[in-house]
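Hi,

Here's the structure I said I'd pass on.

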Amino acid sequence: MEKTNNSKNISLFDDIGDLDLLQLTKFQTILYKIIHFFKGIPNGVASLFKYIFSLIKNFFVWIKNDLTDIVQTFVNGDYKTKLSFIIMGFGSIARGQILRGLLFLVFEIVFIVYMYVAGFHWLGKLPTLGTELPGTAYDPRLDTYVRVDGDDSFKCLLYGVLTILFILAFIYTWRLNVKQNKISEEILKSGKKLKSAKDDVSSLLDEQFHKTLLALPLTGIFFFTVLPILFMILVAFTNYDGAHDGYSNLFTWVGMDNFNSLFNLNLGANNLSVAFGEILSWTLIWAFFATFTNYFLGMFVAIMINKKGIKFKKIWRGILVLTSAVPQFISLLYVSKMFSANGLVNGMLLNTGIISDLSHIIRFWEDTTLARVMVIVINIWIGVPYLMLIVTGILMNIPADLYESARIDGANAAQQFFKITLPYMLFVTGPYLLTSFIGNINNFNVIYLLTAGGPDNPKLLTSAGTAGDTDLLVTWLFKITTGAESKYYLASVIGIMIFVVVSFLALIVYNAIPSTRNEEDYS
Amino acid sequence: MKKLLKSSLILSLVALLLCTAGCGKKEEGGNEGGAASYDITVWVSESDGVTDLTKEQIERFNAANEDIQINATIEGISESEAATQMITDVESGPDLYCFAQDQLARLVQAGALAVLGEGASATVKGANDAGAVNAATVDGKLYCYPLTSDNGYFMYYDKSVITEDMVDDLATLVKACEDNNKFFSMEYKTSAWYNAAFFFATGCVSDWKTDSEGKFTSVNDTFNSANGLTAMKGMEILAKSKAANSSSDGSDFSKGSAVVVTGTWALSTIKDILGDNMGVADLPSFTVDGQTYHLGSFSGNKLMGVKPQTDPEKASALQRLALYLTGEECQLERFNKFGWGPSNVNAQATDAVSSDPTLVALAAQNAYATPQGQIHGSWWDIAKVLGTVAETATSDADLQAGLDNYKAAIDALFSLNGYVFVGAWNDWNNADTEKAVMTQDGENITITLDVPQSDYMGGRIVAAGDWGTDMGCQQVVEGADLIVAYDAASNGDNNIIFLEPGNYTVSANLSSKEIKIVKN
């Protein structure tokens with residue numbers, strides 16, 4: 001330990017050069033890195049704010065430039081350009097680009113008609129999400145009560161958002177139309193010819209082919225991903241729940257009230273922060289163990305099976321892979337029943353005389369610690385085979401000469417694992433580890449099908465009911481959404497919080513894993 | 001107008017076609033051969049054979065009513081789940097559906113049930129037992145059709161383990177189960193519907209009141225009391241036993257249970273397993289501190305509801321169909337096939353029904369049962385945890401702490417009641433009823449508040465926790481000189497703005513929306 005003596009006068013709190021760093025002991029190196037990670041946080045936060053600030057600044061600069069450009073186009077343009085500011089596509093048509101011009105024109109007409117017929121209606125409803133309650137009317141002839149339609153908050157919100165997006169699309173297209181005129185003028189000035197409709201169409205199959213290909217997927221992403229996410233985020237700021245479902249009872253904007261219930265400690269039993277904190281911490285513990293137990297055990301199993309001299313490799317692999325041949329939810333439900341107090345496992349223990357009577361029954365799902373351990377262990381059982389398959393493939397890819405030279409240098413098996421296999425593995429599977437960690441934070445199936453979140457924890461009792469000791473944020477969210485009061489707004493708030501946690505972790509880890517930093521290392 | 005809006009939307013956002021086409025309304029009521037034809041969706045219990053029987057019954061209804069042709073799509077959805085699924089999307093929900101009684105208030109509040117016409121109301125009231133009619137009523141109006149009167153629980157036991165002289169005492173039963181290495185199955189910690197039995201035994205009540213819209217306004221809940229503590233001690237007899245198994249599954253008899261507390265719906269399963277060894281009885285009694293209490297229970301009904309329709313012809317047709325499906329003939333049929341206890345008084349009077357052993361046990365238990373009124377949905381989630389408290393408690397103080405938490409959670413459900421004058425003085429917190437002292441007397445509310453000096457001394461009166469209930473500022477009948485009545489149409493706010501800081505008393509009438517303002 002001479003090195004320790006040498007490094008005595010180096011303070012771990014100062015920045016240390018590479019050479020000095022090598023002098024430190026392993027423990028000191030780790031400590032140094034931890035200290036500097038935390039030392040770096042203020043700087044990191046500061047630079048984040050700087051970045052956001054510069055983004056905002058750039059945005060305004062961009063707007064300013066764009067506006068100047070629009071004004072200049074108008075001032076310098078001929079009458080065709082000027083008219084195009086009001087009648088979109090006029091310039092294009094007048095200059096012979098009929099197809100382009102018509103497309104602009106049709107879009108403008110559609111926009112105006114839409115806004116007149118429906119757009120302003122929905123836009124007007126957006127601030128209140130509807131004011132007219134649906135009612136009932138009595139029909140004396142048939143002796144029945146019928147529903148009289150009123151506003152529907154759900155539609156007000158959805159179509160209101162769609163209208164705003166449509167307006168943005170219109171502004172973008174209008175800007176495109178202006179730009180188009182400017183470009184056309186410049187081209188004509190330089191004496192060249194404008195593209196014909198035929199050229200336009202054929203370019204969509206040639207140099208613009210990416211646009212043709214991406215049109216459909218992008219539309220799909222917009223309607224099936226972007227719009228629902230936008231909608232769900234907005235729901236967090238309303239009181240949309242079972243009692244205010246929009247169709248029969250209107251819901252409305254409530255500002256930050258819903259977030260208040262997570263963070264305001266003065267709400268008594270309406271306050272969810274204790275439950276949220278408890279569940280979040282278990283969620284992270286679970287995600288950590290579920291990810292790394294699977295990872296290392298999977299790797300271990302794969303290495304064992306891959307070892308020279310192991311016979312019947314295919315059979316071992318086959319047996320393990322069988323667990324994934326049965327759909328996961330079936331095997332999970334079955335295992336859940338198996339381990340219940342009156343399940344197969346306890347029955348077997350009783351019948352074989354290993355436990356003498358009921359008092360020794362193992363209540364797997366009714367004890368907090370036992371239930372938590374069980375879900376992790378069962379997760380290993382269903383997760384290891386996948387890891388084994390992935391790892392087997394990677395193991396075969398590690399150049400054999402690395403091991404050969406290691407052996408010649410006298411490295412033992414453990415050294416080979418820690419110096420060659422593990423770094424290689426971490427490099428290749430780093431992103432996988434990250435995604436599977438995030439996947440485990442949201443691992444609804446394993447938890448809900450095994451324990452449904454139980455055992456219930458009386459300490460987490462709030463007016464929204466109680467949460468269990470194995471509840472993850474996502475199963476808790478499910479309970480709240482499908483629970484007695486169908487609190488969609490709260491589910492949306494929790495969804496946003498999960499997103500914050502996940503993105504925070506993902507950003508840190510993503511920047512830390514070797515795969516994204518040293519691309520060259522293993523190529 | 002709505003149709004026009006919709007079609008124009010489709011026109012303009014071509015891609016929207018994909019979405020809206022799915023929700024496009026079906027055309028109904030096409031007249032063919034004089035009979036109005038309706039395509040409807042029906043949800044009934046997912047138990048074996050129920051959908052088939054319902055199909056037969058609807059066909060019979062079609063044959064008997066020549067002016068109506070019902071084309072029903074029948075789906076099996078558990079009666080305890082139906083409400084949750086219905087509330088998720090009332091608009092595209094089923095036209096006719098069955099649900100358990102505890103879901104009624106939620107459904108009324110969500111506007112998912114059509115009130116019965118006067119003729120239909122009279123028919124239902126005349127044909128069904130009083131408990132069933134009460135169960136289908138909210139604030140004096142009949143919202144649905146009683147389907148069964150058997151939604152209660154009692155005790156099934158295995159005669160080879162339990163003898164008839166044991167069935168009266170809980171401790172004896174639990175001991176017999178322990179001695180024979182058998183389980184005692186009762187959902188004491190997974191369902192408040194079952195563990196409430198202990199509280200009803202000691203005379204505790206949980207009475208909930210709703211207004212006409214199904215919103216809960218108050219509760220008389222005595223679970224957190226000396227009697228409640230006794231009930232918790234009674235629950236400990238079961239919860240602390242090694243034989244305890246929190247389940248109400250009839251198939252438990254094949255998994256080592258000697259006693260299962262459940263209802264009529266488990267009959268066929270249990271009969272298949274136990275055969276002649278099946279015994280039924282009312283629930284046992286338990287003894288705490290030398291006093292004996294007979295376990296109570298919930299007694300209730302399963303109900304059938306009709307979704308509100310905009311077309312009166314269809315509403316009327318559905319009303320007739322629901323009356324038929326819940327009538328004597330269909331109820332008896334269900335009793336014969338599935339053993340469902342009828343709510344129809346004529347059906348109840350038949351020999352087969354009145355001598356049915358499970359229904360006899362249920363009737364014996366009914367003497368101790370609490371009719372299940374309208375109960376706040378969250379109560380089920382809150383109260384079930386009391387079973388876990390009884391199981392894990394190590395002292396009476398633990399039991400009491402559990403009850404205290406329970407009470408706090410129940411009270412919190414109502415902390416958002418009342419009205420609040422939101423503004424800068426309480427940080428626009430519409431859930432904070434404390435900073436503006438409020439008293440309510442029927443329709444009249446009085447709020448005393450301190451308005452501090454600030455740039456914007458404005459605010460408005462809303463129901464606590466609900467921005468959608470703005471009282472407005474148009475009808476200030478007194479004290480208009482103290483304020484600026486302000487109507488910002490741009491964002492829909494109707495704020496009352498005070499001209500100077502000070503202490504004010506604001507009184508308002510909830511129905512006439514008249515506001516009086518006095519400076520103190």
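Let's start with the domains of chain B: the centres of its domain 1 and domain 2, taken over C-alpha atoms, are separated by 31 Å. Before going on, two housekeeping sentences. This is a predicted model, so local features need pLDDT of at least 70 and side-chain atom pairs count only at pLDDT 80 or more, while totals for chains, interfaces and linings use all residues. Residues are numbered from 1 along each chain as its sequence is written, and chains are lettered from A and ligands numbered from 1 in the order in which they are written.

Back to chain B. Its domain assignment gives domain 1 (26–149 + 301–349), domain 2 (154–298 + 374–412) and domain 3 (419–519); the bounds come from an automatic or database assignment. Helices here are DSSP runs of H or I with at least four residues, strands are runs of E with at least two, and both are numbered from the N terminus. For the classes, Ala, Val, Leu, Ile, Met, Phe, Trp, Tyr, Cys and Pro are nonpolar, Asp, Glu, Lys and Arg are charged, and the others, Gly among them, are polar.

As for chain B as a whole, there are 19 helices and 28 strands. Of its 520 residues, 48% are buried (buried: 20 or more other C-beta atoms within 10 Å of the residue's own; exposed: 12 or fewer; partly exposed: in between; C-beta atoms placed from the backbone). Taking contacts in chain B between residues at least 6 apart in sequence, 68% join residues at least 24 apart.

In α8 (residues 170–179) of chain B, the buried residues are B:Leu170, B:Leu173, B:Val174, B:Ala176 and B:Cys177. Down the axis of α8(B) these fall within an arc of 160°, so they line one face of the helix; the arc is that of the directions from the helix axis to the C-beta atoms. Among the elements covering them are β9 (183–185), α10, β13 (257–262) and β15 (285–288) of chain B. After α8(B) comes B:Asn181, with a positive phi near 55°.

The other one is α6 (residues 118–127) of chain B, where B:Ala120, B:Val124 and B:Ala127 are buried. They cover an arc of only 80° around the axis, which puts them on the same side of α6(B). As a reminder, an α-helix has 3.6 residues a turn, so residues three or four places apart point the same way. The buried residues of α6(B) pack against α7 (130–135), β6 (141–142), β7 (145–148), α12 (312–325), α13 (328–338) and α14 (345–349) of chain B.

How do α10 and α18 of chain B cross? The axes of α10 (residues 226–239) and α18 (residues 385–392) come within 8 Å and cross at roughly 70°, and α10(B) and α18(B) are therefore roughly perpendicular to each other. (Axes are lines fitted to C-alpha atoms, for helices over the stretch in contact, with angles from 0 to 180 degrees between N-to-C directions; under 35 degrees is roughly parallel, over 145 roughly antiparallel, 65 to 115 roughly perpendicular and the rest oblique.) B:Met232, B:Met235, B:Glu236 and B:Ala239 of α10(B) meet B:Leu386, B:Gly387, B:Ala390 and B:Glu391 of α18(B). That divides into five nonpolar, one polar and two charged residues.

Next, the contact between the chains. Chain B puts in 66 residues and chain A 59. On the chain B side, helix α19 (residues 396–412) has the largest share, six residues. By class, this side has 29 nonpolar, 25 polar and 12 charged residues.

Finally, some loop residues of chain A. A:Phe312, between α11 (273–306) and α12 (313–322), has a positive phi near 50° without being a glycine; A:Phe312 counts as exposed, with 10 C-beta neighbours inside 10 Å. A:Ala452 is not a glycine either, yet has a positive phi of about 55°. With 18 other C-beta atoms within 10 Å, A:Ala452 is partly exposed.

Cheers

Terms used
Two residues are in contact if their C-beta atoms, placed from the backbone, lie within 7 Å.
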